[in-house]
Amino acid sequence: MDVKVYTVNGAVAGSSSSIPDWLIKKRAAKGKGKRVSKEYVQGAIELIQGFEFPEASNKIKTTRDGHHAIATGTYKPQTRVWDLDELNLKFERHSDAENVDFIILSDDWTKIMHLQNDRTIELHTQGGFHYRTRIPRFGRSLAYHFPSCTALFSASGNEIYRLNLEQGRFLSPLVLQDDDIQGVNCIDINPAHNLLAFGVDGNGTVQFWDLRSRSSVGVLRAPTNRLLRPATRSTMPGVDDIDTLSIGITALASRSDGLSYAVGTSTGHTLLYDIRSNRHFALKDQGYGLPIRNLTWIEGGRLAGDGMVMSADKKVVKIWDRNSPSSNFVSITPANDLNHIHHVPGSGLFLTANEGIQMGTYYVPALGPAPRWAGFLENVTEEMEDSTTRTAYEDFKFVERSELKTLGLDHLIGTPALKPYMHGYFLSLHLYDTARVIANPFAYAEHREKLVKERMEKMAETRIRTKKGTGAGAGSEEVKVNKALAERIEKGLEKERKKEERKKRRGAKGGEDEEAMDVDVGADDDEAEQTPTELEKPTLLNDPRFKDLFLNPEFAVDETTREYALLHPSASDSKQKPRGKTAVEEEEEESERASSAGISEGESESEGGDSDDSSDAGELNKFDPRVRPGQKNERAHQAYTRTRQHNRQSNANINFVPLVPHTETSTSVRKTDNKTATFGQRRNAPARGSSHTTTPHAAAKGDKGGFEMSWVPSSTKDGTSRDRGSRKDRSTRKGVEVFGAGMERGGGDGDGTAVVSESERTGRKQRRKGMRSGSKNVFRQLG
């Protein structure tokens, strides 16, 4: 099982450096040094700020309320207390001697008892140092018996010293009766039955005492012959014989059930005993042959369960199951030699005191949750750790509704086969794979073909060197997808480049005319070489992080989507399809078409029913020269040529209006009241009752396209020439009023009432048939 271990204080587990910690810290404080010092400072994670000692740390423990951590260290000998709720140092106290061991008498940090290496015992309260006393021998460990308020001190002899804090005096010591007792290394008090256990140094025994009777109740002897290694045999007989070698008990830990004990030896072995038997039921070898420093029972682990044992020497910390000691659940190798390790109860956090400046803190999520004061460790390590627990959706695949429809499984919505979650559903992974194969049987073949194609392209690139683009962006050979985006980027870069060149020219010329400076850069500027700074300017085209945007088809921009239209409204409007007409618009169009049918009927008859003109006109209207100046529409030009030829042929039957003032045709028109007569014909015709004779006229065309006309004015009966419209003529006509240029009103018949035709009174109601008097084509033919 792969168990994650997170170092949240101090050097990373398993790491080591040949440079001392004090030298690394000194270089880091000055802001200089080698790479190793920078990595040590910048790469370190500090859960608790200032979790260190100037040189080394000896012991570390946490209070029973879980709000403070207390540790002793050197140099100078001192005690430091950290506030775990604030994750920083609360205070520190200095002492005269180095600490050997300490116990916390209260639930918080206010009452502490210290055992110093100069045989002194110090009592500290909230205000500071309270009392000091001494014991006869150099102490090795201490413990506190809460029911009797008695502190027990083990020393280098066979005596256990007792100090009653309620009475304020020493009691008679407990004397251990056995051979070869060099001292007592450790003391353990079981909370279930308050049985005292003493680890004896020299003969490898554990003695059990009942404080009520102040006598020994049992002795447990370690298998010395099995624990001592053959390599320890000396080659000097009689001096270092195997019989003279001793073994010591260096660590003890009792389980809360009151039956199981863990015994650590000086040879690096850990033995598990049931106090009902004198034979061990489990044996664990640390592997280094070093004395065991700490033993702890870990209960209630997440994955480990109950009955886990932690054994530690100065090189390695091993956590293993009591039922399978041959395998390790987790192993931690500190960066510095270990002096003490403390397990925070009910969690997976371990605090260590070592021979380095930084104290270590390790978090093992598999052994338990983070403490209440470090609950954020759960969130920090959750993303980094691959969960080994089986989740409810381990064998399910999350699919959206659109993908569900593509797989043909949308009919399963509402059934137990789909579990709604957020904007989609959880689908069985096996069912998902089956449906995907059915929906696209060639998915694997297409994927394999794609991979083969990509590999072949890479091989081709190694053989054929494509020419890279020299501009600000990548060359055209490099852009495979999103070419429109690449063109926009290149245009923007080109504008920026021209703008920078104009600014440089303005700064160089200084006093020249500013208007000349504002002229756009011409063709010479386009061919100007770019400076190195411009070539190095990062863009989407030359940035390797975005190369797949222009090479990978999976990153192609779909310009038909709604999201693209919202981001680029101008581009989407130009490509938008024309919408259909509504029913109201179609009805209005039909009514307009019906109303204009009568007007266009005569026009279609005059043109002989040919529809070429209308189609040609439509083509002409579609072309707007203002949109694309300088371009020539060939179709429009051909349509114009066909229309011109058609007009020349159709104008052959047109009745031209004569340009002479008096002709027989004009007189006959006036007399017959022809409706097709023009205004000029009626105006030139003589009034009724007057006698005018006209003479033939002559018309000829000149050599250069000119037009000549000549006529002879008519004469009266008496030979006197009279001008029509003269005063005499107007005076002889009764009831006629002349006004304007040849306009008259009245006259006509003798009864004084003018007879006016319907066309003369109301005007023409329909278009003229057979002539176009005002057409430009007519005058072109005359010319």
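## The chain as a whole

Residues 24 or more positions apart account for 48% of the contacts in the chain with a separation of 6 or more, a contact being heavy atoms within 4.5 Å. The model is predicted: local features need pLDDT of at least 70 and side-chain atom pairs count only at pLDDT 80 or more, while totals for chains, interfaces and linings use all residues. Residues are numbered from 1 along each chain as its sequence is written, and side-chain values use heavy atoms, with hydrogens and water left out.

The chain contains 23 helices and 35 strands; these are DSSP runs numbered from the N terminus, with at least four residues (H or I) for a helix and at least two (E) for a strand. Of the 783 residues, 33% are buried, where buried means under 20% relative accessible area, exposed means over 50%, and partly exposed lies in between (1.4 Å probe, protein chains only). The chain exposes about 49,800 Å², and carbon and sulfur atoms supply 50% of this area. Accessible areas come from the Shrake-Rupley method with a 1.4 Å probe; for residues, only the protein chains shown count as cover.

## Strand E16 and its cover

Strand E16 comprises residues 205-210, and six of its six residues are buried. In a regular strand the side chains alternate between the two faces of the sheet. In E16 both faces are covered: Thr 205, Gln 207 and Trp 209 lie on one side, with Val 206, Phe 208 and Asp 210 on the other.

## The partners of E16

Strand E15 (residues 196-202) runs antiparallel to E16 and is joined to it by four bridges; two strands pair if DSSP finds at least two bridges between them. In this pairing, Ala 197 stands opposite Phe 208. The hairpin of E15 and E16 has two residues between the strands, and Gly 204 takes a positive phi near 70° there.

Strand E17 (residues 215-221) is also antiparallel to E16, with six bridges joining the two. Here Trp 209 stands opposite Ser 216. Four residues separate E16 and E17 in their hairpin, and Arg 214 in the turn has a positive phi of about 55°.

## Ser 106 in a loop

Ser 106 is found in the loop between strand E6 (99-104) and strand E7 (112-116). With a relative accessible area of 13%, Ser 106 is buried. Leaving aside residues up to four places away in sequence, Ser 106 touches Arg 64 and Lys 111.

The side chains of Ser 106 and Thr 110 are joined by a polar contact of 3.3 Å. A polar contact is a pair of N or O atoms within 3.5 Å; within protein, one must be able to donate a hydrogen and the other to accept it, and residues adjacent in sequence count only if both atoms are side-chain atoms.
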